[in-house]
Amino acid sequence: LVGAWIGTDAEINEREIASVIEVARAGHADIVAVGNEVLLREDMGEGELLACIQRVKAALPGVPVGYVDAYYLFELHPRITAACDVVLTNCYPFWEGCPREGALAYMQNMVRRTRAAAPGKRIYGVARFSDRAVKASLTQHGVECIECDLLDRAAIARLPNVGAGVKNLVYMAGHKFGAADN
């Protein structure tokens, strides 16, 4: 995954887009993300962001292109969701004030909402899953769970490659500051 950081500065945006295209064309990206929380920060409007995504997609046929933002913004911006080959969502219950005891139910709601906003796309959950009940519940709700310690580079290298058959991905990784485990 290689990303272009898109913000309020048009010159920097142009360099980011040109660079991400260059890196992907050189064969160093199996997925390209155009922007991260651009809509959340209100750095640009939907039309401008959509133009950036479409430009990168046109330049990189065969490379899945997506956008990263909070799960609920994909509901609010269906044109962005539809334009993405890959929907990369940030789902962090603790950032929304959810206590640890309610995090599983909160994540299930995030998954349900993401699925409704991006129908037909597969959802993967990647974590250590030290709590087997969490893994079982997510599986029951249609999440394809892949066990992986996201702090272990070798384990990350063994994850499925989007270019090798995984068609859509929802990014739901997080590590709470001060957490001792997952």
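**Close-up views of a predicted model**

**View 1. Strands S2 and S3 run parallel and are joined by three bridges.** The model is predicted. In this pairing, alanine 33 stands opposite glycine 66 of S3.

**View 2. Strand S3 is also joined to strand S4 (residues 86-90), by five bridges.** S3 and S4 run parallel. Here tyrosine 67 stands opposite valine 87 of S4. Six of the six residues of S3 are buried, so this strand is largely enclosed by the rest of the structure.

**View 3. Helix H3 covers residues 46-59, which makes 14 residues.** From its first C-alpha to its last, H3 reaches 20 Å, close to the 20 Å expected at 1.5 Å a residue. Its buried residues are Glu46, Leu49, Leu50, Cys52, Ile53, Val56 and Ala59. Among the elements that cover them are helix H1 (10-25), strand S2 (32-36), strand S3 (65-70) and helix H5 (78-83).

**View 4. The largest nonpolar core has 31 residues.** Val32, Val34, Ile53, Val56, Leu60, Tyr67 and Ile80 have the most contacts inside this core. Strand S1 (2-4), H1, S2, H2, H3, S3, H4 and H5 each give two or more residues to the core. H3 gives the most, with six residues. In soluble globular proteins, nonpolar side chains tend to be buried together.

**View 5. Cysteine 84 and cysteine 98 are both buried.** Cysteine 84 has a relative accessible area of 3%. Cysteine 98 has a relative accessibility of 12%, and it counts as buried because the cut-off is under 20%. The structure holds zero disulfides.

Conventions
Residues numbered from 1 in each chain as written. Predicted model: local features only at pLDDT ≥ 70, side-chain atom pairs only at ≥ 80, totals over all residues. Heavy atoms only, no water. Helix = DSSP H or I, 4+ residues; strand = E, 2+ residues; numbered from the N terminus. Expected span 1.5 Å × (residues − 1). Buried < 20%, exposed > 50% of the residue type's maximum accessible area, 1.4 Å probe, protein only. Contact = heavy atoms within 4.5 Å. Core = buried A, V, L, I, M, F, W, Y, C linked by side-chain atoms within 4.5 Å. Disulfide = S-S within 2.5 Å. Pairing = 2+ DSSP bridges.
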